[in-house]
Amino acid sequence: MATAKNNLNYSPERLVSAAPVEDDSSFELKLRPQRLGEFIGQAKVKENLAVAIEAARSRGEAMDHVLLYGPPGLGKTTLANIIANELGVHFQPTAAPLLQIKGDLTAIITNMQDKQVLFIDEIHRLQPVLEELLYSALEDYKLDIIIGQGPSARTHTLEVKPFTFVGATTRAGLISAPLRSRFGIVLRLEFYTPEDLRVIVERSAEILGVQVDDPGAIEIASRSRGTPRIANRLLRRVRDYAQVRGAGKIDLPTAQAALQMLEVDKYGFDEVDRKLLLTIIEKYQGGPVGLIHWPQSSPKNQTRLKRSTNPSSCRLDF
């Protein structure tokens, strides 16, 4: 174990990474719940949303703007879609990195339907000039557009239809105070309990058409780092193993054998996590150690390491 750079694979496409990978999207569309009653876990978040949705429907108004934050893979996009479904309005999703110029955001806002939901993922990456454009739209449902340049420039105000803005982020601390103050509802999503993940695994298995018993579902859930995205990803890999090496049904021995083949241990750690912990134990006597002191550490490697290391190890007291 010469250096962290040589031994740790920082690829975001690790099996137990909560970051989305390319083949997740098609499966997640099938597995996502469409109504608040179908959404498993996050009881406090659901209660707050249920009250806000019912109040908005009874008044016939657009719902207050919502900020959802928390680690990746916990259901922020799913909840945004559910809000639109419960309100019975159109859902317009996009991501902050896709919005590069004022015209991109202006086109979306001016074409929105009455009371519809506008969802922007990774809201902390929204450019400051676009963020300022949002302020009047969120508060007064007006959009200030500057036409022309120099002394001849003039401001034109466009009226926009009332809408509900839902922002999602994994890094709430990077959101500016003026933007954060525009959200009437701020909700944090927590990691899921093994029991909630078991229910999610069983629901997903039913949708995918594979049989899974309780011990098999619990085994997958317990190694999923408290994250539904990881649970569904592991379920798909265990399903493949059960169909090729087993009897087509996921039971406890099949789940254990599949996860052992995938090198995911009982804590949900993979090879990268184990090497990371071993480096801390062997080189730093068990820590603590800061990223700045990590072997061959550079700003780029520090960012990759932070993204690839899951907070679940801290929750498990490692």
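Gln113 counts as partly exposed in this predicted model, because its relative accessibility is 45%. The residue sits in the loop between α5 and β3 (117-121). Beyond its neighbours within four places in sequence, Gln113 is in contact with His90, Lys161 and Pro162. Val89 is 24 residues away from Gln113 in sequence, while the C-alpha atoms of the two are 8.3 Å apart in space.

The loop between α5 and β3 also holds Lys115. Lys115 has a positive phi of about 65° although it is not a glycine. Two further residues have a positive phi: Gln42, near 55° and likewise not a glycine, and Tyr141, near 55°, which follows α6. Gln42 belongs to the loop between α2 (24-31) and α3 (43-59).

| Residue | Relative accessible area | Class |
|---|---|---|
| Gln113 | 45% | partly exposed |
| Lys115 | 26% | partly exposed |
| Gln42 | 10% | buried |

**Confidence**

The protein has a mean pLDDT of 85, and 81% of its residues reach 70 or more. Over residues 1-12 the pLDDT is below 50, and this stretch has 32 contacts in the model beyond near neighbours in sequence. Where pLDDT is low, the predicted coordinates should not be read in detail.

**Strand β6**

Strand β6 is largely enclosed by the rest of the structure, because 6 of its 6 residues are buried. Both faces are covered: Thr164, Val166 and Ala168 are buried on one side, and Phe165, Gly167 and Thr169 are buried on the other.

Two parallel partners of β6 can be named. Strand β1 (residues 66-69) is joined to β6 by 4 bridges, and the two run parallel. In this pairing, Tyr69 has Thr169 of β6 as its bridge partner. Strand β3 is also joined to β6 by 4 bridges and runs parallel to it. Here the bridge partner of Leu118 in β6 is Phe165.

Which backbone oxygen does the side chain of Thr164 reach? The side chain of Thr164, a residue of strand β6, reaches the backbone oxygen of Met63 at 3.0 Å. Thr164 has a relative accessible area of 0% and is therefore buried. Leaving out residues up to four places away in sequence, Thr164 touches Ala62, Met63, Asp64, His65, Leu87, Gln116, Val117 and Leu118.

Helix α6 (residues 128-140) has 13 residues, which at 1.5 Å a residue should span 18 Å; the end C-alpha atoms are 19 Å apart, so the two values agree. Its buried residues are Leu130, Glu131, Leu133, Leu134, Tyr135, Ser136, Ala137 and Leu138. An α-helix has 3.6 residues a turn, so residues three or four places apart point the same way. The cover over the buried residues of α6 includes α5 (102-110), β4 (142-147), β6 (164-169) and α7 (177-180).

Arg182 lies in the loop between α7 and β7 (185-188). Its side chain makes a polar contact with the side chain of Glu139, at 3.4 Å. Apart from residues up to four places away in sequence, Arg182 touches His65, Tyr135, Leu138 and Glu139.

**Nonpolar cores**

Which residues have the most contacts inside the largest nonpolar core? That core has 51 residues, and those with the most contacts inside it are Leu49, Met63, Ile83 and Ile250. Helix α10 (residues 228-245) gives the most to this core, with 7 residues. Another core, of 24 residues, lies apart from it, and Tyr135, Ala137, Leu138 and Leu179 are among its members.

Within the sequence beyond four places on either side, Leu49 touches Leu36, Met63, Val66, Leu79, Ile83 and Leu187. Tyr135 and Leu138 are buried in α6, are touched by Arg182, and are listed among the residues of the 24-residue core.

Technical notes
Residues are numbered from 1 along each chain as its sequence is written. This is a predicted model: local features need pLDDT of at least 70, side-chain atom pairs count only at pLDDT 80 or more; totals for chains, interfaces and linings use all residues. Side-chain values use heavy atoms; hydrogens and water are left out. pLDDT is the predictor's confidence in each residue, from 0 to 100. Contact means heavy atoms within 4.5 Å. The expected span of a helix is 1.5 Å times one less than its number of residues. Buried means under 20% relative accessible area, exposed over 50%, partly exposed in between (1.4 Å probe, protein chains only). A polar contact is a pair of N or O atoms within 3.5 Å; within protein, one must be able to donate a hydrogen and the other to accept it, and residues adjacent in sequence count only if both atoms are side-chain atoms. A nonpolar core is a set of buried Ala, Val, Leu, Ile, Met, Phe, Trp, Tyr and Cys residues joined through side-chain atoms within 4.5 Å. Two strands pair if DSSP finds at least two bridges between them.
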